[in-house]
Amino acid sequence: MERNLVQPLVAAVLAAAISIRSYRKKSLDFSGALSGFAVMTIHVAVNYRFGALLLGFFITSSILTKVGEDKKKKVDADFKEGGQRNWIQVLSNSGIATVLVLIAWTRVGTQDFCLNSKESRLMTYLAGGILGHYCCSNGDTWSSELGVLSDDQPRLITNFKPVQKGTNGGVTRAGLVAAAAAGSVLGLTMVILGFMTTNCTFDVAMKQLLLIPVSALSGLCGSVIDSLLGATLQYSGFCSVRKKVVSKAGPTVKRISGLSILDNNAVNFVSILLTTVLTSIACSCIF
């Protein structure tokens with residue numbers, strides 16, 4: 001089989017296997033599985049490291065979503081067993097990166113590369129943006145999934161007043177640490193795989209280690225931006241009937257914070273977009 005056909009074949013088989021398993025495990029609904037298959041195939045077919053970033057985010061997030069489900073049921077008004085992400089959630093968490101991956105493919109095909117602005121500032125922008133995208137998604141998910149399980153009292157990020165668990169924009173120390181850890185895991189993944197898939201000079205290769213702290217900051221930054229948007233542009237109120245924080249106003253709901261401008265998917269999309277831009281700029285300056 002020709003070498004240029006191996007990577008797309010590996011991508012399709014891997015994406016199909018993960019999508020089917022995720023649907024059976026209720027991590028994705030049917031629409032999420034279909035869109036996930038397409039997105040995953042594109043990432044892996046173009047660049048194994050880009051595929052690893054997507055898989056790192058999806059796998060760790062899916063695992064953490066299932067941790068402490070009984071406790072999360074009592075807090076999350078929109079709780080779904082396993083997560084059951086649909087196509088909107090899949091694309092809001094991977095759409096921008098998929099566009100950047102396709103742009104990278106038009107420039108260098110499936111050839112992997114080190115981040116090096118002296119060689120190509122555009123490719124450094126693109127790789128940094130893709131990394132920042134998934135650090136934001138991973139950081140927000142880890143922060144939310146682990147933060148709600150901690151014993152810390154959440155505080156609204158805009159005024160630091162104590163709020164109910166599940167309030168949009170509520171942060172905890174455990175959640176912020178988790179966000180930074182989530183980013184650093186993806187940065188470490190990109191660095192380790194890069195040592196195996198790229199052919200760069202020693203000094204350029206060693207400089208790639210800076211991706212780890214950059215990724216940690218991207219994960220933290222993405223979580224903070226998400227919380228700021230959630231606290232200001234996403235409605236949170238406490239329902240006296242359900243005894244839970246909800247995202248829609250109603251006669252039995254007392255407002256906690258935010259305006260009904262963005263829903264959760266829109267907040268994710270905007271925070272990812274901003275973190276993608278900031279990380280791509282940072283990488284073009286550092287590398």
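Buried means under 20% relative accessible area, exposed means over 50%, and partly exposed lies in between (1.4 Å probe, protein chains only). This is a predicted model, in which local features need pLDDT of at least 70 and side-chain atom pairs count only at pLDDT 80 or more, while totals for chains, interfaces and linings use all residues. Residues are numbered from 1 along each chain as its sequence is written, and side-chain values use heavy atoms, with hydrogens and water left out.

View 1. S19 belongs to helix α1, which covers residues 3–24; helices (H or I, at least four residues) and strands (E, at least two) are DSSP runs, numbered from the N terminus. With a relative accessible area of 6%, S19 is buried. A polar atom of the S19 side chain lies 3.5 Å from the backbone oxygen of A33. A polar atom of this side chain of S19 also lies 3.3 Å from the backbone nitrogen of F37. A polar contact is a pair of N or O atoms within 3.5 Å; within protein, one must be able to donate a hydrogen and the other to accept it, and residues adjacent in sequence count only if both atoms are side-chain atoms.

**View 2. Helix α3 and its N-terminal cap.** Helix α3 comprises the 19 residues 48–66, which should span 27 Å at 1.5 Å a residue; the end C-alpha atoms are 27 Å apart, in agreement with this value. The expected span is 1.5 Å times one less than the number of residues in the helix. The N-terminal end of α3 is capped by N47, with a side-chain oxygen 2.8 Å from the backbone nitrogen of R49.

**View 3. D112 and its partners.** D112 is found in the loop between α6 and α7 and is buried, at 14% relative accessibility. The side chains of D112 and R49 form a salt bridge, with N and O 3.1 Å apart; a salt bridge is a side-chain nitrogen of Lys or Arg within 4 Å of a carboxyl oxygen of Asp or Glu. Because R49 lies in helix α3 and D112 in the loop between α6 (95–108) and α7 (121–147), the pair ties together parts that are 63 residues apart in sequence. R49 is buried too, with 4% relative accessibility. A polar contact of 2.4 Å also links the side chains of D112 and T197.

**View 4. The salt bridge between D152 and R173.** The closest N and O atoms of D152 and R173 are 3.9 Å apart in this salt bridge. D152 lies in the loop between α7 and β1 (155–156) and R173 in helix α8, so the pair ties together parts that are 21 residues apart in sequence. D152 is partly exposed, with a relative accessible area of 22%, whereas R173 is exposed, at 66%.

**View 5. A nonpolar surface patch.** L188, I192, F195, M196, F202, M206 and L209 make a nonpolar surface patch of about 710 Å². Two or more residues of the patch come from each of α8 (173–197) and α9 (202–207); α8 gives the most, with four residues. M206, in helix α9, is partly exposed, with a relative accessible area of 34%. Patches are made of residues with over 30% relative accessible area and no salt bridge: like charges are joined within 9 Å, and nonpolar side chains (Val, Leu, Ile, Met, Phe, Trp, Tyr) within 5 Å.

Key:
Areas by Shrake-Rupley, 256 points an atom, 1.4 Å probe, with all protein chains shown as cover.
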